[in-house]
Amino acid sequence: MTILEQTIAAIRPADPAAVAEARAHQDRLTKPRGALGALEEVAVRLAGAAAVSPPPLPAPAALAIFAADHGVHAQGVSPWPQEVTLQMVGNFLAGGAVANAFAAQVGASVTVVDVGVAADLDPAPGLRISKVAYGTADLSQGPAMTAQQVAEALEAGIAVARELVDQGARCLITGDMGIANTTASAALICAFTGQDAAVATGRGTGVDDETLERKIEVVRRALHANGLTRGPDAASRTTQAAPVAGAASTGQAAPAQTVASAMETLAAVGGLEHAAIAGFILGGAAAGVPVILDGAIAGSAALAAAALAPAVVDHCVAGHRSAEPGHAVALSHLGLRPLVELELRLGEGTGGLLAYPIVCAAVRVMHEVATFDSAGVSDKEA
């Protein structure tokens, strides 16, 4: 078996007994039933994923920022020069980015992964060089990556997840950096959900109206050039492995045909960081630790991960909902409810980092809050 196949085979769906026990435990705690709203569902979700109630505390956390460049940048979809990807990697390593500040606030480690930056990087503390290629091809003209590149990027993400868990991480947070990567994200979201490019494509780093229209047209052209336009064939190709909100996972890998289709879609319109993040999500789930998803880039990568292994969604928490419109489309398709909505559209893992203390608080309630019986508090009358 390949590393990818081994990882997919290790992913288990939410344990129904642990889910039931977690719900019952929530109802015994000294608070009105359901008073903690979505936090109760987070705790139940993590219990199901860990197959034990209460679930383990998700601490410490580790953020991995996957960096790569995109050939579609040549289509004028971003006002930022491509070299900003490389420059921001240096900023992360120097501790000067927003993600660094947020990570320091919540005590998360930061690892930067060069999976496809269009330049060579010198070794540095906190940097993992896992370069698959010097950026992707232009997805509006044909496939952005080869099948081999997709496989290598997926396995690079898996390797990072394994390494961080082996080092003691008990929660993984996705991060990204890549100028023009919201264009690839929009194309992936359209390909996996069937949504129209005008609905799934946003302003990214803040493009003007003219550039947004060009970006939408580039996404449409990419879908057409790669045979991913919506239709009877595309519908069966791109949605057959999508999880349904609230549905029980099978715990089995997707059929071989579906796995191949998901990887073809990633190769067609994805980025190297998207594939690596998908592998990172799969690797975290296989290792039994929760994965907090960041924004639109993570959401599109999670669609690919779910197509490869539907049960992976049981191990994911949506940290926030991005201002990018395609992110809401992806979360709805995955059946995930975001914890934070602050109109963020930065990426880097910032939304996931902000949500991390909420996830910890949800689990800490399960461990530390007394039950009505243990505290001698009267429950409400039936």
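Trainee: Let's start with arginine 23: what is its relative accessible area?

Mentor: First, a word on the model: it's predicted, so local features need pLDDT of at least 70, side-chain atom pairs count only at pLDDT 80 or more, and totals for chains, interfaces and linings use all residues. Residues are numbered from 1 along each chain as its sequence is written, while side-chain values use heavy atoms, with hydrogens and water left out. Buried means under 20% relative accessible area, exposed over 50%, and partly exposed in between (1.4 Å probe, protein chains only). Arginine 23 lands in the partly exposed class, with a relative accessible area of 38%.

Trainee: At what angle do H2 and H3 pack?

Mentor: Axes are lines fitted to C-alpha atoms, for helices over the stretch in contact, and angles run from 0 to 180 degrees between N-to-C directions. The axes of H2 and H3 are 8 Å apart, and the two helices pack at an angle of about 150°.

Trainee: And how many charged residues does the contact of H2 with H3 have?

Mentor: Contact means heavy atoms within 4.5 Å. From H2 you get Ala18, Val19, Ala22, Arg23 and Gln26, which meet Glu40, Glu41, Ala43, Val44, Ala47 and Gly48 in H3. For sorting, Ala, Val, Leu, Ile, Met, Phe, Trp, Tyr, Cys and Pro count as nonpolar, Asp, Glu, Lys and Arg as charged, and the others, Gly among them, as polar. By class, the contact of H2 with H3 has six nonpolar and two polar residues, and the number of charged ones is three.

Trainee: What about H7 and H14: is their crossing left-handed or right-handed?

Mentor: The axes of helix H7 (residues 181-193) and helix H14 (residues 325-334) come within 10 Å and cross at roughly 35°. On H7 the contact uses Ile189, Phe192 and Thr193, and on H14 it uses Gly326, His327, Val329, Ala330 and His333. A crossing is left-handed if the near helix is turned anticlockwise from the far one by less than a right angle, and right-handed if clockwise. The way H7 passes H14 is left-handed.

Trainee: Staying with threonine 193, which residue's backbone oxygen does its side chain reach at 2.7 Å?

Mentor: A polar contact is a pair of N or O atoms within 3.5 Å; within protein, one must be able to donate a hydrogen and the other to accept it, and residues adjacent in sequence count only if both atoms are side-chain atoms. Threonine 193 counts as buried, at 14% relative accessibility. A polar atom of its side chain lies 3.2 Å from the backbone nitrogen of glutamine 195. The backbone oxygen reached at 2.7 Å is that of isoleucine 189.

Trainee: How far apart in space are glutamate 348 and isoleucine 65, C-alpha to C-alpha?

Mentor: Glutamate 348 sits in the loop between H14 and H15, and it is buried, with a relative accessible area of 5%. Not counting residues up to four places away in sequence, glutamate 348 touches several others, among them Leu63, Ile65, Met88 and Phe92. Glutamate 348 and isoleucine 65 are 283 residues apart in sequence, but in space their C-alpha atoms are separated by 6.2 Å.

Trainee: Which side chain makes a polar contact of 2.8 Å with serine 140?

Mentor: Serine 140 is in the loop between S3 and H6 and counts as buried, at 4% relative accessibility. The 2.8 Å contact is with the side chain of aspartate 138.

Trainee: Last one: how many salt bridges does a search of the whole structure find?

Mentor: One of them pairs glutamate 163 with arginine 128 at 2.2 Å, N to O. That pair links distant parts of the chain, with glutamate 163 in helix H6 (residues 147-166) and arginine 128 in strand S3 (residues 127-129), 35 residues apart. Another joins arginine 364 and glutamate 368 at 2.6 Å, N to O. For the whole structure, the number of salt bridges found is 10.

Note on methods. A salt bridge is a side-chain nitrogen of Lys or Arg within 4 Å of a carboxyl oxygen of Asp or Glu. Helices (H or I, at least four residues) and strands (E, at least two) are DSSP runs, numbered from the N terminus.
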